[in-house]
Amino acid sequence: MSIELLATSIADRAHDRIRADIVFGRLAPGARLRLDRLASDYGASVSTLREILSRLSSEGLVIAEGQRGFRVASVSPAGFEDVAAMRLLLETHALPLSFATGDLEWESRVVAAHHKLAFMERRMMTGDQEGPELWKRYDREFHQSLIEACGSQTLLDLYAGVFDQYLRYQMVAVVFRGEIAAEEHRILLDCAMTRNADKACAVLTQHVNGCVAYTLKRGVLK
């Protein structure tokens, strides 16, 4: 591997690890991101880390504070409501498009994604709280599978970024609504198989708004 490719590979791995650590709450909201500590933790140079944090700043995951450096973006009730509204705007636009053009292969991916999500939800409802990150990975996979046949890569890219913002709030708040959310997921699966986009959009709106209301009622976002 050339020096240039090696440097790119190191930078890409560091970017993906830092981004995942922010999204899944391992780097706490508001935490100061000290370049010397990051260089040790992620195996990248200080100059590479500055570039990575600048990229993450453009996604709203990191705040650049000029000479003071960088910190993880904070969370707030208003921020969660804003991200949830954007998620709904994109997802309810994409769902009818995806349902209209999805083929048998798409159906298979939706069913497989729901199977994994439902398995984790059942585990968590029995009191096993050891796998919240895997649960949310499967949740993201299921919702993305529902819209992946929409025909617009731009829309899918925008949605992925917004969903990760939404996911970060869920991980920080450790939100799990149990059977209510699981049932909404089952209905969304049925809507996909029957191509009932109107019902899917209504259930999705209930699903997202219900999560926001539940989270804010618990008062875990300050």
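The model is predicted: local features need pLDDT of at least 70, side-chain atom pairs count only at pLDDT 80 or more, and totals for chains, interfaces and linings use all residues. Residues are numbered from 1 along each chain as its sequence is written, and side-chain values use heavy atoms, with hydrogens and water left out.

**Nonpolar core**
- The largest nonpolar core holds 65 residues. Such a core is a set of buried Ala, Val, Leu, Ile, Met, Phe, Trp, Tyr and Cys residues joined through side-chain atoms within 4.5 Å.
- Ile18, Leu53, Phe99 and Leu146 have the most contacts inside this core.
- Helix α7 (residues 153-173) supplies the largest share of the core, 10 residues. Helices are DSSP runs (H or I, at least four residues), numbered from the N terminus.
- Beyond its neighbours within four places in sequence, Ile18 is in contact (heavy atoms within 4.5 Å) with Leu27, Tyr42, Leu49, Ile52, Leu53 and Leu56.

**Helix α2**
- Leu35, Leu38 and Tyr42 are buried in helix α2 (residues 35-42). Buried means under 20% relative accessible area, exposed over 50%, partly exposed in between (1.4 Å probe, protein chains only).
- Seen down the α2 axis, the buried residues fall within an arc of 55 degrees, so they line one face of the helix. The arc is that of the directions from the helix axis to the C-beta atoms.
- Asp36, Arg37 and Ser40 are exposed on the other side of α2.

**His114**
- His114 lies in helix α5 (residues 104-125).
- His114 counts as buried because its relative accessibility is 9%.
- Leaving aside neighbours within four places in sequence, His114 contacts Phe142, His185, Arg186 and Leu189.

How values were computed:
Helix = DSSP H or I, 4+ residues; strand = E, 2+ residues; numbered from the N terminus.
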